[in-house]
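Subject: Structure handover

Hello,

Here is the structure I promised to pass on. Please open it first, then read my notes below.

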Amino acid sequence: MLPEVTATRYVTPLREGGSLPGIVEADDLGTYVMKFSGAGQGRKTLVAEVVCGQLGRALGLRVPDLARIQLDPVIGRGEPDQEVQALLKASGGLNLAMDYLPGALGFDPLAFETDAAEAGRVVWFDALINNVDRSWRNPNLLVWHGELWLIDHGATMIWHHNWPTAATAAQRPYDASDHVLVTFAPDVAGAAAELAPRVTEELLTAVVADVPDEWLDGEPGFDGPDAVRRAYVEVLLERARGIGDRITIGERSTAAPSQAPEWVRVRLNVKGKGAK
Ligand SMILES: Nc1ncnc2c1ncn2[C@@H]1O[C@H](COP(=O)(O)OP(=O)(O)OP(=O)(O)O)[C@@H](O)[C@H]1O
Ligand SMILES: [Mg+2]
């Protein structure tokens, strides 16, 4: 089970995050990034954070430690922002905390190099969990003590929004064209050979056991939290078997929200749509 702490002080909102996560202090004297159960994205975002965070760490990727965190909305009383107040009020009880990495920098592919092996592991992992949120527009990678850390796994496992089609989703390919690490020549085949055999039923069962029942309860079509956990295990197990052969790296999309600036395109050696 994930450790459980209680929030003692709301420090500040992290405005870069669309879901408005907050920095909080807790009764273990730790500082955490808190992801709120009352955020508009819903509790499946938190389930995805737990499943993918715990799985990534088990596979040797660097992911900040996770914890369950209890919130009494009263700790945000002094916070003047209405949006934050509403979020705290909607999130009383159990939420998700991630160890705060002080001084971490957002990953910038122009300022930080990684090698083909590490890039391959991250791309393969993102393919496994179908992460659409590690693009050059929004890398969701931090650099801390000179190493790469993976954060923000809320927008993964799209199949859990439509369980009846999950079996086909397990077979679906992964388009890594926009992935922030494609410029480092990711060794996807090497990563698949190394990591796929490690994604066993035992490992996945241990990973999904960390998801609190409260976030799985009442899922339509399932007979309780354990049945939902089983469904996560099945899709990820199936996906781990073949995804390495179904990762495509094509031309980067230059569609919305905006075209990458010229200096990024030069570095990536791609032409934007309509570019000469
Ligand atoms: N563990 C951490 N340590 C330090 N900073 C962090 C940590 N987690 C998140 N941050 C900072 O907070 C920002 C928002 O976090 P995160 O990306 O998880 O939120 P989100 O609401 O899911 O974001 P998005 O808008 O990408 O969906 C990150 O871009 C990063 O700058
Ligand atoms: Mg993010």
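A crossing of two helices is called left-handed if the near helix is turned anticlockwise from the far one by less than a right angle, and right-handed if clockwise. Helices (H or I, at least four residues) and strands (E, at least two) are DSSP runs, numbered from the N terminus.

Two notes on the source. The model is predicted, so local features need pLDDT of at least 70 and side-chain atom pairs count only at pLDDT 80 or more, while totals for chains, interfaces and linings use all residues. Residues are numbered from 1 along each chain as its sequence is written, and chains are lettered from A and ligands numbered from 1 in the order in which they are written.

**The helix pair**

α6 passes α7 in a right-handed crossing. Helix α6 spans residues 201-209 and helix α7 residues 225-242. Their axes lie 9 Å apart, at an angle of about 140 degrees. Axes here are lines fitted to C-alpha atoms, for helices over the stretch in contact, and angles run from 0 to 180 degrees between N-to-C directions. The two helices are therefore oblique to each other (under 35 degrees is roughly parallel, over 145 roughly antiparallel, 65 to 115 roughly perpendicular, the rest oblique).

From α6, the contact takes Glu201, Leu204, Thr205, Val208 and Ala209. From α7, it takes Arg229, Tyr232, Val233, Leu236 and Leu237. Contact means C-beta atoms, placed from the backbone, within 7 Å. These residues divide into 7 nonpolar, 1 polar and 2 charged (nonpolar: Ala, Val, Leu, Ile, Met, Phe, Trp, Tyr, Cys and Pro; charged: Asp, Glu, Lys and Arg; polar: the others, Gly among them).

Two strands pair if DSSP finds at least two bridges between them. β1 (residues 4-13) and β4 (residues 66-71) pair in the parallel sense over 3 bridges. Val5 stands opposite Ile69 in β4. β4 also pairs with β5 (residues 93-99), antiparallel, over 6 bridges. There, Leu71 stands opposite Gly93. β5 pairs with β3 (residues 31-35) too, antiparallel, over 4 bridges. Tyr32 has Asp99 as its bridge partner.

**The open sheet**

Its 3 strands have the order β6-β7-β8, with antiparallel pairing. β6 (105-106) and β8 (147-150) stand at the edges with a single partner strand each, so one side of each lacks a neighbour in the sheet. 2 bridges join β6 to β7 (residues 141-144). Gly106 has Leu142 as its bridge partner.

Best wishes

Terms used
Contact = placed C-beta atoms within 7 Å.
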